[in-house]
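This briefing is meant for a reader who is meeting the structure for the first time. Please look over the sequence and the model before going through the notes, which are grouped by topic.

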Amino acid sequence: MNIPNLEIIPQIIPDIILIKPNHYKDERGYFAETFNLKKYEKALKENISFIQDNESKSFKNVFRGFHFQIPPFAQSKLVRVIEGEILDICIDIRLNS
């Protein structure tokens, strides 16, 4: 699915999607809209309550760990890569997965 300025790519595990924002390049550099509530809600087909934003920098071959939450502490993750690439490992531990 494509939404203006966003490319939405479903992944093998349900509920996990890759969102690629478009970059607008010119001689000065580039501009990208990294979050737009209306576009994300349209892409995800649900209301979003975006509450917290964290940033970290990791060096090559760093493993930050696995994260798991259950209600009422469950939360979705939005991961953004500014430079380079990452290996983001998602494990589906639901009973019927």
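Which residues are exposed on the other side of α1? They are Lys38 and Lys42, where exposed means over 50% relative accessible area, buried under 20% and partly exposed in between, with a 1.4 Å probe and protein chains only. The model is a predicted one, in which local features need pLDDT of at least 70 and side-chain atom pairs count only at pLDDT 80 or more, while totals for chains, interfaces and linings use all residues. Residues are numbered from 1 along each chain as its sequence is written, and side-chain values use heavy atoms, with hydrogens and water left out.

**The helix α1**

- Helices (H or I, at least four residues) and strands (E, at least two) are DSSP runs, numbered from the N terminus.
- Lys39, Tyr40 and Ala43 are the buried residues named in α1, and, seen down the axis, the buried residues of α1 fall within an arc of 95 degrees, so they line one face of the helix; the arc is that of the directions from the helix axis to the C-beta atoms.
- As background, an α-helix has 3.6 residues a turn, so residues three or four places apart point the same way.
- At the start of α1, a side-chain oxygen of Asn36 reaches to within 3.1 Å of the backbone nitrogen of Lys38.
- Just after α1, Lys45 takes a positive phi of about 60 degrees although Lys45 is not a glycine, and this residue is exposed, with a relative accessible area of 66%.

**Aromatic pairs and the aromatic cluster**

- The structure holds three aromatic pairs, a pair being two rings of Phe, Tyr or Trp (its six-membered ring) whose centres lie within 6.5 Å, with planes under 30 degrees apart counted as stacked, over 60 as edge-to-face and the rest as tilted.
- One of these pairs is formed by Phe35 and Phe50, which are stacked at 4.7 Å centre to centre with 25 degrees between the planes.
- Because Phe35 lies in the loop between β5 (29-31) and α1 (37-44) and Phe50 lies in the segment after α1, the pair ties together parts that are 15 residues apart in sequence.
- Phe35 counts as partly exposed at 31% relative accessibility, and Phe50 likewise counts as partly exposed, at 41%.
- Phe63 and Phe66 form an edge-to-face pair, at 5.3 Å centre to centre and 70 degrees between the planes, and both of these residues are exposed.
- Phe35, Tyr40 and Phe50 form one aromatic cluster.

**A nonpolar patch on the surface**

- Phe63, Phe66, Phe68, Ile70, Leu87, Ile89, Ile91 and Ile93 form a nonpolar patch on the surface, with about 950 Å² of accessible area together.
- Patches are made of residues with over 30% relative accessible area and no salt bridge, like charges being joined within 9 Å and nonpolar side chains (Val, Leu, Ile, Met, Phe, Trp, Tyr) within 5 Å, and accessible areas come from the Shrake-Rupley method with a 1.4 Å probe, where for residues only the protein chains shown count as cover.
- Leu87 has its place in the segment after α1 and is exposed, with a relative accessible area of 75%.

**Salt bridges**

- A search of the whole structure finds four salt bridges, a salt bridge being a side-chain nitrogen of Lys or Arg within 4 Å of a carboxyl oxygen of Asp or Glu.
- Asp15 forms a salt bridge with Arg94, the closest N and O atoms being 3.0 Å apart, and this pair links distant parts of the chain, with Asp15 in the loop between β2 (6-10) and β3 (17-21) and Arg94 in the segment after α1, 79 residues apart.
- Arg94 also forms a salt bridge with Asp92, with the closest N and O atoms 2.9 Å apart, and Asp15, Asp92 and Arg94 are linked in a network of salt bridges.
- Glu33 forms a salt bridge with Lys39, the closest N and O atoms being 3.0 Å apart; Glu33 is partly exposed, with a relative accessible area of 27%, while Lys39 is buried, with 16%.

- The peptide bond from Pro71 to Pro72 is cis, with omega near 10 degrees, and Pro72 has its place in the segment after α1.
- Asn61, a residue other than glycine, has a positive phi near 70 degrees; Asn61 is exposed, with a relative accessible area of 74%.

Technical notes
A polar contact is a pair of N or O atoms within 3.5 Å; within protein, one must be able to donate a hydrogen and the other to accept it, and residues adjacent in sequence count only if both atoms are side-chain atoms.
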